Number of protein chains: 4
Amino acid sequence: MAKSGARSGGKARATKERRSDTALLIIDVINDLEFPGGEKVLPWALRMVERLGPLARRLRAAGVPVIYVNDNFNHWRSNFRDVYRHCTRKGIRGRPVARALKPEPRDYFVLKPKHSAFFATSLVPLLEHLGTKKLLMAGMATNLCVFFSAHDAHMHEYDITVLSDCCAAESDGDHDLALDQLQRFLGVRVCRADEVKRTRRARRPAHPAKGAGRL
Amino acid sequence: MAKSGARSGGKARATKERRSDTALLIIDVINDLEFPGGEKVLPWALRMVERLGPLARRLRAAGVPVIYVNDNFNHWRSNFRDVYRHCTRKGIRGRPVARALKPEPRDYFVLKPKHSAFFATSLVPLLEHLGTKKLLMAGMATNLCVFFSAHDAHMHEYDITVLSDCCAAESDGDHDLALDQLQRFLGVRVCRADEVKRTRRARRPAHPAKGAGRL
Amino acid sequence: MAKSGARSGGKARATKERRSDTALLIIDVINDLEFPGGEKVLPWALRMVERLGPLARRLRAAGVPVIYVNDNFNHWRSNFRDVYRHCTRKGIRGRPVARALKPEPRDYFVLKPKHSAFFATSLVPLLEHLGTKKLLMAGMATNLCVFFSAHDAHMHEYDITVLSDCCAAESDGDHDLALDQLQRFLGVRVCRADEVKRTRRARRPAHPAKGAGRL
Amino acid sequence: MAKSGARSGGKARATKERRSDTALLIIDVINDLEFPGGEKVLPWALRMVERLGPLARRLRAAGVPVIYVNDNFNHWRSNFRDVYRHCTRKGIRGRPVARALKPEPRDYFVLKPKHSAFFATSLVPLLEHLGTKKLLMAGMATNLCVFFSAHDAHMHEYDITVLSDCCAAESDGDHDLALDQLQRFLGVRVCRADEVKRTRRARRPAHPAKGAGRL
């Protein structure tokens with residue numbers, strides 16, 4: 001609908017968003033892994049989960065928005081919950097990964113039809129809505145959807161940090177190479193989950209931030 | 001995830017889509033109408049429903065994809081079902097409209113963050129996926145989201161028909177003016193729901209089309 | 001080319017841009033007006049020139065970037081200068097308009113393939129490069145390219161002012177209606193060129209701004 | 001301007017385009033190479049020129065559109081000619097490359113503000129205007145603008161061939177790796193300039209194509 005009344009009505013109804021200059025993008029972790037090569041991704045994804053799960057919890061507690069950007073698996077039905085249900089059915093390869101990273105109600109969901117989190121999605125308006133300038137990027141595969149999303153984020157001039165131990169790929173070769181290319185070619189920052197903490201602390205040592213968007 | 005394997009895996013899993021050169025776009029009809037002016041839209045929306053409901057059923061039966069493009073009401077959770085549930089609660093003004101136009105499982109849903117159905121959404125990739133060239137456009141408000149979506153469709157060079165009696169606005173003045181402008185400025189075709197039928201029949205009189213994408 | 005070296009090299013070479021939170025967008029004024037109805041636009045365009053010309057000079061002097069966004073007339077050769085030359089040849093209807101609004105070397109040029117200044121152009125990256133949040137919009141036709149560009153600017157959440165006496169259309173009816181719709185439907189500010197001055201002065205009465213981005 | 005009259009007027013005035021399902025994209029070859037590392041690119045670029053120059057001539061003769069997509073070097077003035085002049089001044093490192101690949105008047109030019117040929121440019125509307133479905137991609141650097149443009153072309157679902165000996169990078173390692181990744185991850189076809197010929201001939205052996213869009 002949306003006449004100006006409709007939009008502002010919509011805004012009034014929306015949960016009051018806590019604005020934050022940083023957001024955590026979690027890419028394609030709600031995934032059945034039921035594709036050729038998925039069996040190779042699984043062990044790396046399980047390692048990823050050990051770091052990404054706690055980090056997401058810590059960031060949520062610090063008021064940082066967590067945004068799941070996930071393949072729509074060609075369903076085009078704008079229903080993230082169905083994607084989650086599909087990926088957590090018994091016997092599905094990606095089940096332990098999806099369950100360990102189960103989104104919380106306050107998290108945001110963006111469904112994407114292609115590799116990049118930015119292509120034909122509402123990610124940019126969402127980030128503007130949240131006031132986000134800095135992206136912490138995680139998920140899989142390091143060398144595909146994370147890589148190409150990071151490149152698009154670079155063209156959109158976001159400040160980007162890719163979290164090396166919160167990403168997974170089919171092999172450590174593909175993973176390492178992608179991270180190396182992001183650093184060398186695009187100047188993207190790459191660090192581990194525990195360095196997110198240290199980096200932020202280092203910047204504001206006296207008054208550890210507690211509000212929205214501070215880590 | 002989506003390495004090439006992931007994507008083609010996704011494709012394999014998706015319901016086999018019937019391709020169609022025509023699609024019906026239904027804009028912002030799943031709407032609570034709980035905004036200033038919404039009470040003026042309601043009677044026009046109820047009239048719209050009488051034509052749009054039967055047309056959507058007829059087109060579905062003819063294999064034409066029906067795509068709901070709907071405001072996300074600033075929820076950013078990629079969950080069309082929640083939007084439907086919200087708009088059909090007891091006491092909500094838009095309830096009779098939403099219920100009368102309840103989507104069917106085979107329909108497609110696209111959530112949009114702004115007026116235009118094309119802005120920061122997956123509509124273009126979906127239309128390419130379906131093979132759509134011709135858009136039948138309906139919904140509300142005629143002079144806002146329908147109008148601006150039609151303009152974007154025009155820039156994307158789709159063949160556009162706006163269905164005059166399947167649209168609604170706050171007043172017949174706003175409605176008529178918007179349709180007049182679409183015709184005069186953009187050369188958009190405007191006709192009634194029952195003319196969709198006649199137009200198509202006229203073109204293929206001997207063998208009334210039955211397959212996907214034929215009306 | 002553009003490895004990270006290439007880009008920063010490019011940046012180093014570029015003229016040092018004065019950043020400004022305001023920019024003047026001048027739409028489709030470099031126009032031959034050689035289309036049916038162009039003869040009706042001409043007198044209104046000549047009136048527009050009387051206000052827009054001095055305003056552009058005043059804004060340039062105040063350090064406000066002036067951005068010409070112009071139809072590419074289907075030439076697709078990324079050559080704004082050719083468009084200017086074409087429109088100022090002897091006997092061309094739009095010649096006096098184009099000459100009176102001749103761009104200066106420091107101005108920016110964006111060629112657009114469709115109605116909207118934002119569709120398939122580099123306008124958003126340019127505005128981000130300049131640090132622009134507020135758009136002063138002028139040009140022709142009020143009810144087409146100005147109107148639809150203003151709508152896209154609205155979806156991109158720029159602060160928009162359309163300058164009523166710096167726009168032109170085929171008739172005063174079309175012109176007035178478009179401005180009325182922009183105000184009513186999108187909440188766009190509409191004012192005259194001389195009000196730009198007053199508005200800004202009112203805000204900073206003691207220290208009339210002189211720097212970049214102050215009017 | 002562009003009311004419907006303006007646009008169709010524009011179309012009438014445009015040179016009659018020969019439509020073609022194939023186009024040659026030449027990326028960032030009009031380049032001064034005056035950035036750190038540019039000296040390493042130069043010898044590879046000179047080798048590239050030996051293959052790309054003749055190929056471009058052959059394709060033009062066969063009616064295939066040649067589209068230069070080039071960095072705007074942060075000038076934002078929509079003037080490709082100035083970019084060419086800048087890169088061919090005496091003493092400029094990229095001069096021999098730019099001169100050897102000098103565009104012809106019938107070629108198309110698209111200026112891009114970032115790595116990808118598709119980001120914030122009119123490339124998609126141009127390709128639709130030309131009827132292009134298949135892209136032959138060349139230029140530099142293989143691992144940056146060619147690579148990321150190929151990925152965007154993939155998301156837009158073009159049929160892509162990257163011409164290995166018509167691309168250049170800072171090192172053969174970067175070059176080979178990028179081509180390998182395009183093949184492995186995106187399923188992009190990679191071949192040499194002389195294979196373009198053979199491939200096409202093989203398909204239509206009896207009637208060697210002469211018209212627009214046939215090679």
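In this predicted model, A:Ala141 sits in the loop that runs between strand E4 (134–140) and helix H6 (142–155) of chain A. Helices here are DSSP runs of H or I with at least four residues, strands are runs of E with at least two, and both are numbered from the N terminus. The peptide bond joining A:Met140 and A:Ala141 is cis, with omega at about -10°. Chain D has a cis bond to report as well: the one from D:Met140 to D:Ala141, with omega near -5°. D:Ala141 is found in the loop between strand E4 (134–140) and helix H6 (142–155) of chain D. Residues are numbered from 1 along each chain as its sequence is written, and chains are lettered from A, with ligands numbered from 1, in the order in which they are written. As the model is predicted, local features need pLDDT of at least 70 and side-chain atom pairs count only at pLDDT 80 or more, while totals for chains, interfaces and linings use all residues; side-chain values use heavy atoms, with hydrogens and water left out.

Helix H6 of chain A also holds A:Met155. With a relative accessible area of 2%, A:Met155 is buried (buried is under 20% relative accessible area, exposed is over 50%, and partly exposed is in between, using a 1.4 Å probe and protein chains only). Neighbours within four places in sequence aside, A:Met155 is in contact with D:Lys114, D:His115, D:Ser116, D:Phe119 and D:Asp152, contact being heavy atoms within 4.5 Å. Within chain A, A:Met155 and A:Leu186 are 31 residues apart in sequence, and their C-alpha atoms are 9.6 Å apart in space.

A:Glu157 is not a glycine, yet it has a positive phi of about 65°. The residue is partly exposed, at 45% relative accessible area. Chain B has a non-glycine of this kind too: B:Ala120 has a positive phi of about 60°. B:Ala120 is found in the loop between E3 and H5 of chain B and counts as buried, at 18% relative accessibility.

Next comes H5 of chain B itself, residues 123–130, whose buried residues are B:Leu123, B:Pro125, B:Leu126, B:Leu127 and B:Leu130. An α-helix has 3.6 residues a turn, so residues three or four places apart point the same way. The cover over the buried residues of H5(B) includes strands E1 (22–27), E2 (66–71), E3 (108–112) and E4 (134–140) of chain B. Just after the helix, B:Gly131 takes a positive phi of about 80°.

On to chain A as a whole. Chain A has eight helices and six strands, which follow the pattern α-β-α-β-α-α-β-α-β-α-β-α-β-α along the sequence. Of its 215 residues, 64% are buried. Among contacts between residues at least 6 apart in sequence, 80% join residues at least 24 apart. The accessible surface comes to about 8,200 Å², with 51% of it belonging to carbon and sulfur atoms; this area comes from the Shrake-Rupley method with a 1.4 Å probe. An unreviewed UniProt entry annotates residues 22–185 of chain A as "domain: Isochorismatase-like". That span is 45% helix and 21% strand, and its end C-alpha atoms lie 23 Å apart.

The structure holds six cavities of 30 Å³ or more. On a 1 Å grid over the protein atoms alone, a cavity is a set of points where a 1.4 Å probe fits but cannot get out, a pocket is an open set with protein on both sides within 12 Å along at least five of seven lines, and lining residues have an atom within 4 Å of a point. The largest cavity has a volume of about 260 Å³. It is lined by 22 residues, and C:Ser78, C:Leu111, D:Ser78, D:Leu111 and D:Ser122 lie nearest its centre. Strands E3 (108–112) of chain C and E3 (108–112) of chain D each supply at least two residues of that lining, and E3(D) gives the largest share, four residues.

The second largest pocket has a volume of about 710 Å³. Its lining has 44 residues, and A:Asp107, A:Tyr108, B:His75, B:Trp76 and B:Arg77 are the closest to its centre. The largest share of this lining, five residues, comes from E3(A).

Conventions
Points joined across faces, edges and corners; volume = space filled by probe spheres on them. UniProt positions renumbered as here; feature names shortened; annotations may be inferred.
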